[in-house]
Amino acid sequence: MTEELLRLSKRMSELGLSSRREADEWIARGWVRVDGKVVSELGSKVYPSQKVTVERQAAAEQSKRVTVLINKPVGYVSGQAEDGYTPAVALIKAENRWAEDRSPEQFHPTQLRSLVAAGRLDIDSVGLLVLTQDGRVAKQLIGHDTDIDKEYLVRVSYTKGGTLPDSELKKLNHGLWLDGKPLLPAKVRWQNEDQLSFTLREGKKRQIRRMCEAVGLKVLGLKRVRIGKVKLGDLPTGQWRYLSADEQF
C-alpha cells in the first residue's frame with residue numbers, strides 16, 4: 001500500500017512537535033528539516049515515513065510560551081470579547097496573580113500575545129480555565145482526538161417535585177442525545193443532596209445545562225474543578241497562576 005502525502009504542518013501537529021500555525025511560522029523561518037534538509041516553502045508535503053525535525057531556535061521559542069490557569073468568575077467569556085462582555089484574558093495581569101503561585105516564571109505583558117483559551121467555559125459558569133500560548137497544550141486539550149476528562153460540580157434543583165429518579169441519573173451517565181448525536185458515557189454522581197459531580201470527555205456547547213434540562217433538573221451553579229490531572233485547588237476566584245513545569249494534564 002503506497003503512502004499518502006501529508007501537508008508538512010499537519011504532520012508536525014500529528015507528531016506533537018507544534019500546532020499547525022506554529023509549524024507554518026517555523027517553516028517560513030527555515031527552522032524545519034525533512035530527512036535532514038531544510039524545507040522553507042509553505043504548503044510543502046511529506047510522506048509519514050520521512051523524518052521531521054526542528055531547529056533548536058524553535059524549541060527555545062516554544063519553551064518561552066506560557067500556560068496560565070485562571071479561576072474564571074461569572075460574567076467573563078472564555079474566548080474573544082463578545083456582546084460587550086469582557087474576555088477572561090483581561091484578568092491576566094500582575095496584580096491578579098495568586099500570591100501562592102509556586103512558579104518561578106516572571107509576568108511580562110508579552111505573555112498576553114497569542115494567549116488563547118484552550119476550551120470554553122460559559123459566561124455564567126465559574127472555575128478552571130486554561131489559557132495558553134503553546135499550540136501543543138491547546139491540541140492536547142481541544143484537539144479532535146483528546147481523551148482528557150474534565151470534572152464539574154453542579155448545583156441543581158429538580159423541577160418535577162420530589163427527587164430525581166435513579167433512572168434519570170442513569171440517563172445522565174449514558175443514554176442522552178444532543179444535536180442529533182449520542183453523548184459519550186459520562187460519570188455523574190451525587191456529591192450531596194443538591195450537588196452533582198459531572199466528569200465528561202467532551203464539551204458540547206452548554207452541554208451540562210442541556211443534559212440537566214433533559215431530565216428535569218435546573219442548574220443553579222456550575223464550577224469546573226479539574227482538567228485531566230490539573231485541579232483548581234485553592235486558586236481564588238478572579239486570580240491566576242502559571243502551569244508549573246512539573247504539572248501535566
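Biologist: Which residues does Leu176 touch, not counting those up to four places away in sequence?

Modeller: Keep in mind that this is a predicted model, with residues numbered from 1 along each chain as its sequence is written. Local features need pLDDT of at least 70, side-chain atom pairs count only at pLDDT 80 or more, totals for chains, interfaces and linings use all residues, and side-chain values use heavy atoms, with hydrogens and water left out. Contact means heavy atoms within 4.5 Å. By that rule, the partners of Leu176 are Lys171, Lys181, Pro182, Leu183, Met211, Ala214 and Val215.

Biologist: How far apart are the C-alpha atoms of Leu176 and Ala214?

Modeller: Along the chain, Leu176 and Ala214 are 38 residues apart.

Biologist: Why does Leu176 count as buried?

Modeller: Buried means under 20% relative accessible area, exposed means over 50%, and partly exposed is in between (1.4 Å probe, protein chains only). Leu176 counts as buried because its relative accessibility is 12%.

Biologist: How many residues are in the largest nonpolar core?

Modeller: In soluble globular proteins, nonpolar side chains tend to be buried together. A nonpolar core here is a set of buried Ala, Val, Leu, Ile, Met, Phe, Trp, Tyr and Cys residues joined through side-chain atoms within 4.5 Å. Leu172 and Phe198 are among the residues with the most contacts inside the largest one. Its residue count is 33.

Biologist: Which residues does the second, separate core include?

Modeller: This second core has 14 residues. Included are Leu69, Val130, Ile227 and Phe249.

Biologist: Which strand holds Arg224?

Modeller: Helices (H or I, at least four residues) and strands (E, at least two) are DSSP runs, numbered from the N terminus. Arg224 falls within residues 217-227, which make up strand 16.

Biologist: How far from Arg224 is the nearest side chain of opposite charge?

Modeller: Lys and Arg count as positive, Asp and Glu as negative, while His and the chain ends are not counted. A salt bridge is a side-chain nitrogen of Lys or Arg within 4 Å of a carboxyl oxygen of Asp or Glu. Arg224 is buried yet has no salt bridge. The nearest opposite charge, on Asp122, is at 8.5 Å.

Biologist: Which residue's backbone oxygen lies 2.7 Å from a polar atom of the side chain of Arg224?

Modeller: The Arg224 side chain also reaches the backbone oxygen of Arg120, at 3.3 Å. The oxygen at 2.7 Å belongs to Leu128.

Terms used:
Polar contact = N/O pair within 3.5 Å; in protein donor to acceptor, adjacent residues only side chain to side chain.
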